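This report is meant for a reader who is new to the structure shown here. Please look over the sequence and the model before reading on.

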Amino acid sequence: MKCGIDVSSAQGNIDWSKVTGIESVIIRCGWGGDIASQDDSKFLRNATECEVRGIPYGVYLYSYALNANNAISEANHVLRLIQGRN
């Protein structure tokens, strides 16, 4: 059976050479508004490792939006981090 995994900075530095038997990955890119200090510190590493290994991935952001302006900032946060990625 194939499955996907959810990764973030909570897992630390994943040894991607040991990750086997997965079909996809969902990666946390951050939380809240478009502020660099709210980027997940392992997002770029995890996304790059998936790309190098040909593992399909998606991204998610923990949302704290309470209004449209917050939601727009959060959308911009995701767009900033995924810009130019495969």
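Predicted model: local features only at pLDDT ≥ 70, side-chain atom pairs only at ≥ 80, totals over all residues.

Three strands make up an open sheet, in the order 1-2-3, and their pairing is parallel. Strand 1 (3-7) and strand 3 (57-62) are at the edges with a single partner strand each, so one side of each has no neighbour in the sheet. On average, neighbouring strands are turned by 25 degrees against each other, direction ignored.

Strand 1 and strand 2 run parallel and are joined by five bridges. In one of these pairings, Asp6 has Ile26 in strand 2 as its bridge partner.

## Helices on the sheet

Helix 1 lies across strand 1, strand 2 and strand 3, and runs at about 160 degrees to strand 2. Helix 2 also packs on the sheet, where it touches strand 2 and strand 3. The direction of helix 2 makes about 145 degrees with that of strand 3.

## The nonpolar core

The largest nonpolar core has 14 residues, and the members that touch the most others are Trp16, Val25 and Ile27. At least two core residues come from each of strand 2 (22-31), helix 1 (43-53) and helix 2 (68-82). Strand 2 gives the largest share, four residues.

Which residues does Ile27 touch, not counting those up to four places away in sequence? They are Val7, Phe43, Asn46, Ala47, Cys50, Tyr57, Gly58, Val59 and Tyr60.

How values were computed: Residues numbered from 1 in each chain as written. Heavy atoms only, no water. Core = buried A, V, L, I, M, F, W, Y, C linked by side-chain atoms within 4.5 Å. Buried < 20%, exposed > 50% of the residue type's maximum accessible area, 1.4 Å probe, protein only. Contact = heavy atoms within 4.5 Å. Pairing = 2+ DSSP bridges. Axes fitted to C-alpha atoms, helices over the stretch in contact; angles between N-to-C directions.
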